[in-house]
Amino acid sequence: MPEIVFQGENVQFQDSLKASPRTVLFLHGAGGSHHTFRDQWAGLKGKARLVIPDLPGHAQSGGAPLDTVAAYASWVAAFVGELGVSRFVLAGHSMGGAIALQAALDGVKGIEALILLGTGARLKISPVIFEGISGRFREFVPELVEWMVSAASSSLLREDVTQDVLSTRPATFLADFRACNGFDVMSRLGEISVPTLVGSGDDDRLTPLKYGEYLATNIPGAVLKIIHGAGHLAMLEKSAEVNAVISAFLHSLEG
């Protein structure tokens, strides 16, 4: 993976470097990494240039997780500037979707459109999750994974997600969930003026479908796509459907 030294820390990221008129920057969720979007990396590389960073303090990127969603949005603005990307579609999952919303509201330059997956305008975290991560992390992980995937998900996917979660430091999850807990832009969605795709799993227990419906209702012109049979990790649980939805949205931007 490419790596740059940015703001005094190493940042690892995937970059397809495809010569394309459109760049999509994917932002992972709390405790995640570029690995969250492995199926999009495999399935969408022919559609646009794809850039997928590990956020500060995540996976192999240096530094510490940031304290607020707004701080992450500022980091994204500086990161795309460092890469020399002047126009891009900003796609985010869960906390990454919150960062994308905040970046758009903060007027980050170059955002052509938003793709919001499994996220909401407010992301309050259950005290059960904070207690489980801080007090009994390894024992809590199977329970957390059940919150993340749909009842119909395969045992293979559950095992894969479990290993991803176990590879993340509990402190990283706690920092990210505190950032999510402080995020609330419900009253500002009408300010967003770029084309927006909202994707929500109908079996998402962490950011229920009603969160996506609220986004689509209150962001002018936003389109909601419901991913049936998917939980919070729709891009892994139903990767073909999610990739098709993203491809169609990117194509719609060409008109």
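Student: Which strand gives the most to the lining of the largest cavity?
Tutor: Some ground rules: this is a predicted model, where local features need pLDDT of at least 70 and side-chain atom pairs count only at pLDDT 80 or more, while totals for chains, interfaces and linings use all residues. Residues are numbered from 1 along each chain as its sequence is written, and side-chain values use heavy atoms, with hydrogens and water left out. Helices (H or I, at least four residues) and strands (E, at least two) are DSSP runs numbered from the N terminus. With 3 residues, the top contributor to that lining is β7.

Student: How much space lies in the largest cavity?
Tutor: On a 1 Å grid over the protein atoms alone, a cavity is a set of points where a 1.4 Å probe fits but cannot get out, a pocket is an open set with protein on both sides within 12 Å along at least five of seven lines, and lining residues have an atom within 4 Å of a point. Grid points are joined across faces, edges and corners, and a volume is the space filled by probe spheres set on the points. The whole structure has 1 cavity of 30 Å³ or more. Its space comes to about 60 Å³.

Student: Which elements give two or more residues to the lining of the largest cavity?
Tutor: There are 13 lining residues, and Leu117, Gly118, Gly199, Ala234 and Met235 are the closest to the centre. The elements you want are β7 (196-201) and α9 (234-237).

Student: And which helix gives the largest share of the lining of the largest pocket?
Tutor: That pocket holds about 690 Å³. Its lining has 41 residues, with Ala30, Gly31, Gly32, Met148 and Phe173 nearest the centre. At least two residues each come from α5 (137-148), α6 (155-166), α7 (170-181) and α9. The largest share, 4 residues, belongs to α7.

Student: Which are the edge strands of the sheet?
Tutor: Strands pair if DSSP finds at least two bridges between them. The open sheet of 8 strands has mixed pairing and runs β1-β2-β4-β3-β5-β6-β7-β8. Pairing on one side only are β1 (3-6) and β8 (223-227).

Student: What is the bridge partner of Val24 in β5?
Tutor: Strands β3 (residues 23-27) and β5 (residues 88-93) run parallel, joined by 4 bridges. Across from Val24 sits Val89.
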